[in-house]
Amino acid sequence: MTFAVEIRHSQGDFRIEADFTSEGGVTALFGRSGSGKTSVLRIVGGLVRPDHGRIIVGDQVLLDTSKGICLPPHRRGLGYVFQEPRLFPHLTVRQNLNYGQWFAGSRSSFADPEKIIAILGLEALLPRRPGSLSGGEKQRVAIGRALLASPRILLMDEPLSALDEARKAEILPYIERLRDELNLPILYVSHSVSEVARLADRVVAMADGRVTGIGNASEILGIQTVATGRESGSVLEGLVRLQGEDPDLAAIALRGCRLFVPRGDLHEGQKLRVHIPAREVLLATSEPHGISALNVLKGEIRSMTGSDGGAVDIALRCGEEVLRARITGLSAKRMDLMVGQSIHAIIKTVALDPSGRAR
Amino acid sequence: MELPSLSEEEWTAIRLSLKVASVAVIASLPLGVLVAYLLARKRFWGHALLNGIVHLPLILPPVVTGYLLLIAFGRRGFIGSFLESTFGLILSFRWTGAALACAVMGFPLMVRSIRLSIEAVDLKLEEAARTLGASPVMVFLTVTLPLMLPGIIAGLVLAFAKAMGEFGATITFVSNIPGETQTLSAAIYTFTQVPGGDAGALRLTVISIVISMAALLLSEALARRVGKRIEAE
């Protein structure tokens, strides 16, 4: 299912202009809070009517202001997962899950409820009431509820942002399974580099209500270092290569270099994307010996840019990949770093984002 | 102390009061929900005016309300004559008129209570229901209405209690006819007006207290059961 979105909208002084398309998979609307990404999602979902716009899903027009077409939200056939779970407190988990099915009517169900309940691990929760669930459980039920209404696209508005790290880690694998097993297009709003790096096939970057870039995750997230501050880093993608007999270690083959990661339940040939935060990369001018880090990549400094707070952002070329490191200005001066210099980048294994590992 | 037995007239007054109060609250409930919904959710021209009219019976002397009802719903009143010629429905000096008077007097209490409960319903839940395919009417029936149930119960009980105790508007509108419009309050009043009526007045007073207390306890029990089901996340 493909979809196309074209929106012009004013909210007071704030103007939103967004054009993008999706061929399926996970499309992330990515940007800081206040960049207008949630507004775009609400417009797509039919919760806000834009001044001008056209939204087409498959061959159905959901919105075309020039022709006066604007389907109300209940007739758009889209699933919506909000920042908060928004479960109905007067219904049990099972009734919450079934709610959308009552209205889906003749629309064919793309997945059987049993499978979705299994993917999201909801069996044990069915007879309970929302009040007695944990935050992570509630959000899983909310995702299941949206899916069981058989949407043609799933809209997700920062579904993890209200949760702590442990709960996020609990839910991310479920979303990955949805992406991989249901073949359902997802429009995913987030300001988190690691979430987007892990989930998105295509990223639409937004700032101040406008689209500033569209591309695959590594292209866009690499450019966005300045925009995302503390979380800046590199997103690299490669195939998993198991290391012979070693039961604990696996490698990710990148272009011209490789990274070692704990094997976990990775399997040979699996495509894996990892996010390496720039602040987790150490630099050394000579090859380090006797250190605990698994990954030491040899590379060359491509660029150095000072950023706020006296830090220096350094882009390294390792093989064909670009790796980003952030060090203090003082260190850069002491080490006498300069563009073109060859350098060793030390990456703590734990700094690798655990992307997709739970699959 | 020997339990004093009630006379036939006293029983009649009790039964009539229960009937009048029940009919009054049940018949006015749908309108109460509608008006409360409009006041809570909609912004329209005349909002303040509607709010004022709903509250009028609360601030006007009951006799004035009763007299206005008599003017409008009496057999020669403009609504009363219409109802009689179209539906054959006569309100003045009938128990149905007493029910109307009680409904009007209890209406502000009912609307206030229901309105508060609607305002407490999270709009975000209704939004979620819309995205799940529910039309606005279905959202109201499946989400809003169940969540405002405690307020509806409270409103019903308040209006019922008000109806049981209504006196001024009723006696002005439909008079004090034993067996037709003589409710509990009117019967007590009548007892106090005749020599030696104290015992009767006291008996009915006790009955009145018992009924009010029972209604209150019942509503508390209901509200607790419903509240447990929909306790907030």
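Let's start with a helix pair in chain A. On the one side, in H2(A), you have Val93(A), Asn96(A), Leu97(A), Asn98(A), Tyr99(A), Gly100(A) and Gln101(A), and they meet Val141(A), Gly144(A), Arg145(A) and Leu148(A) of H4(A). Sorted by class, that contact comes out at 5 nonpolar, 5 polar and 1 charged residues. One thing before I go on: what you see is a predicted model.

So how do those two helices sit against each other? H2 covers residues 93-104 of chain A and H4 covers residues 135-148, and they pack at an angle of about 30 degrees with their axes 6 Å apart. That angle makes H2(A) roughly parallel to H4(A). As for handedness, H2(A) passes H4(A) in a right-handed crossing.

Now hop over to chain B for another pair. Here it's helix H5, residues 95-119, with helix H8, residues 149-165, both of chain B, and they pack at about 160 degrees with the axes 8 Å apart. With that angle, H5(B) is roughly antiparallel to H8(B). The crossing of H5(B) past H8(B) is right-handed. If you want to find the contact on screen, look in H5(B) for residues including Cys102(B), Met105(B), Leu109(B) and Ile114(B), and in H8(B) for residues including Ile152(B), Leu156(B), Leu158(B) and Lys162(B). The class count for the contact of H5(B) with H8(B) is 13 nonpolar, 5 polar and 1 charged residues.

While we're on chain B, let's see where it meets its partner. The contact involves 19 residues of chain B and 20 residues of chain A. Which elements of chain B give two or more residues to that side? They are helix H6, residues 123-131, and helix H7, residues 136-147. Of these, H6(B) gives the most, with 6 residues. The side of chain B that touches chain A has 10 nonpolar, 3 polar and 6 charged residues.

Back to chain A, and its overall layout. Chain A is divided into domain 1, residues 3-227, and domain 2, residues 233-351. Taken over C-alpha atoms, the centres of these two domains are 33 Å apart. Where they touch, domain 1 of chain A puts in 10 residues and domain 2 of chain A puts in 11. On the domain 1 side, the elements giving two or more residues are helix H6 (193-199), helix H7 (217-223) and helix H8 (225-228) of chain A. That domain 1 side divides into 5 nonpolar, 4 polar and 1 charged residues.

Next, the sheets of chain A. One is an open sheet of 4 strands in the order S14-S13-S12-S15, with antiparallel pairing. S14 and S15 (271-277) of chain A stand at the edges with a single partner strand each, so one side of each has no neighbour in the sheet. The twist from one strand to the next averages 45 degrees.

Let's follow the strands through that sheet. S12, residues 233-242 of chain A, is joined to S13, residues 249-253, by 4 bridges, and the two run antiparallel. If you want a pair to click on, Val240(A) stands opposite Ile252(A) in S13(A). The hairpin of S12(A) and S13(A) has 6 residues between the strands, and Gly244(A) there takes a positive phi near 50 degrees. Then S13(A) pairs with S14, residues 258-262 of chain A, over 5 bridges, in the antiparallel sense. In this pairing Ala251(A) stands opposite Phe260(A) in S14(A). The hairpin of S13(A) and S14(A) has 4 residues between the strands, with Gly256(A) taking a positive phi near 85 degrees.

Last stop: how many strands are in the other sheet I want to show you, and in which order? There are 5, in the order S16-S20-S17-S18-S19 of chain A, forming an open sheet with antiparallel pairing. At the edges stand S16 (281-284) and S19 (321-328) of chain A, each with a single partner strand, so each has one side left without a neighbour in the sheet. Neighbouring strands of this sheet are turned by 45 degrees against each other on average, direction ignored. At the S16 end, S16(A) and S20, residues 342-347 of chain A, run antiparallel and are joined by 4 bridges. Leu283(A) has Ala345(A) in S20(A) as its bridge partner.

That's my tour. Who wants to go next?

How values were computed:
Residues are numbered from 1 along each chain as its sequence is written. Chains are lettered from A and ligands numbered from 1 in the order in which they are written. This is a predicted model: local features need pLDDT of at least 70, side-chain atom pairs count only at pLDDT 80 or more; totals for chains, interfaces and linings use all residues. Axes are lines fitted to C-alpha atoms, for helices over the stretch in contact, and angles run from 0 to 180 degrees between N-to-C directions. Angles under 35 degrees count as roughly parallel, over 145 as roughly antiparallel, 65 to 115 as roughly perpendicular and the rest as oblique. A crossing is left-handed if the near helix is turned anticlockwise from the far one by less than a right angle, and right-handed if clockwise. Two residues are in contact if their C-beta atoms, placed from the backbone, lie within 7 Å. Ala, Val, Leu, Ile, Met, Phe, Trp, Tyr, Cys and Pro count as nonpolar, Asp, Glu, Lys and Arg as charged, and the others, Gly among them, as polar. Domain bounds come from an automatic or database domain assignment. Two strands pair if DSSP finds at least two bridges between them.
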